[in-house]
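Here is a brief report on a sheet and the helices around it. Please look over the sequence and the model first.

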Amino acid sequence: MEVGTMPTEMMDVDSLDVDRLDLETPALQPTASVVRSELSECHVLDLLIILSRRKQVILGTTLATAVLAAIVSLLLPNRYTATANILPPQQSPSLAASMIGQLGALGAMAQKDLGLKNPNDLYVGMLRSRTAEDALIRRFDLLRVYRDKKMSDGRRDLENATSIVLGKEGFVTISVEDKDRSRAPQIANSYVEQLRKLTQDLAVTEAGQRRLFFERQLELAKNNLADAEQALKETEQKTGLIQLDGQAKAIIEAVVKLRALMAAKEVELHAMRLFSTEQNPDVMLGEQELSGLRAQLALLEKQGASPGNVQVPVGNVPEAGLQYVRKLRDVKYAETIFDILAKQYEAARLDEAKTAAIIQVLDPAIEPDRKSSPPRTLIVVIVTLLGFFGSAGYILVAEALCRLRLNPDVNARFTTLKTTVFQPDFQPHG
């Protein structure tokens, strides 16, 4: 009976234990987070114990890293930064921009769509241009300074050492960093000189474009005058000097003057059409004047036997005299064209001088009194921290791998991994 009663007693005990656990379970549930926190604290304590055992390695590595960082930072050369501030030319808004601005919000949208940007961006782009950079590289022999062999590498190094920023106040700030204390401000001020030179050489205004147009036309007229004078000289040497009749000379001079005025008026109209439309009053007035000159020339040419030749005054002139008259006419024609274009060129040049860009240097670059880089203290601090955390991380990883090695199951898996890594993909057939 005792044997038979054993299971019943055991069942009673188990049922009592289950009831006890059921009763105690609600009381244990609130302490689950506490248990997890204790386990995490134990885990952190284990890590600290591991690190404390290797504290000499960590301290030695950190100290060695700090000493090495200090030595390297002391070997780094000092770099100095010089800054120049310039005030770009303040351009007055054009008539079209003023009319668009009067439209209010619609005008703002139109300016955005038409791409009307800040004109100071143009000068920042000119400072960053290849022409300005090449001039500075050649002037200061920066290829030797930067130890470069190609101009492209020199431009890249110069761009890395230079900062050109357009500030909110409208100032253009040019900062140049260099190893030489005296060369940095020289390069920064040379940027300003290059900007002045580029604004003078390039046709960035309407007056500059007109000046370039008349300059080319004047050079062409000068060459034509030289050719006509040379042809007249050869005719004089070949035929001898011939005295012209007074009436023939007067008519020839009148025809030549009218043709020269017509040519000059056509050049002037062509220059005006570059910036104006056909409905421009100045263009319409120029066309009327050109028509009047053509009518006067046609009236004078009717006196000759054929249009284009004045033969009545020189009809009885020998062939040699006729050749001289024609060459003299070409010379006078070229002289008149040259004189008219010269006046137009001088007027355009004066107009360009009045509207020339004036670049004002607000703060010229001066020799800096302290270095801008390298930050030696910051380098030592960062490298020291990297050495400390790197050595601590290395010790923790090494400890974890060592414990994994002690586990037979993990060790067997490592062995299997090595075997499969170095095993060929295809096994040879027996």
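How many bridges pair β2 and strand β3, and in which sense?

## Pairing of β2 and β3

The model is predicted. In it, β2 and β3 (residues 172-178) pair over five bridges. The sense is antiparallel. Ile 164 stands opposite Ile 174 in β3.

## The sheet

The sheet is open and has four strands. Their order is β2-β3-β1-β4, with antiparallel pairing. At the edges stand β2 (162-166) and β4 (360-363). Each has a single partner strand, so one side of each lacks a neighbour in the sheet. From one strand to the next, the twist averages 25°.

## Helices on the sheet

Helix α6 (residues 120-127) packs on the sheet and touches β2 and β3. The direction of α6 makes about 170° with that of β2.

Helix α10 (residues 183-201) also packs on the sheet. This helix touches β1 (80-87), β2, β3 and β4. Its direction makes about 140° with that of β3.

## The α7 and α9 contact

Helix α7 (residues 130-140) and helix α9 (residues 151-161) have axes that come within 10 Å. The axes cross at roughly 95°. The two helices are therefore roughly perpendicular to each other.

From α7, the contact involves Arg 130, Glu 133, Asp 134, Leu 136 and Ile 137. They meet Met 151, Gly 154, Arg 155, Leu 158 and Glu 159 in α9. By class, the contact has five charged, four nonpolar and one polar residue.

Methods. Residues numbered from 1 in each chain as written. Predicted model: local features only at pLDDT ≥ 70, side-chain atom pairs only at ≥ 80, totals over all residues. Heavy atoms only, no water. Axes fitted to C-alpha atoms, helices over the stretch in contact; angles between N-to-C directions. Parallel < 35°, antiparallel > 145°, perpendicular 65-115°, else oblique. Contact = heavy atoms within 4.5 Å. Nonpolar A, V, L, I, M, F, W, Y, C, P; charged D, E, K, R; others polar. Pairing = 2+ DSSP bridges.
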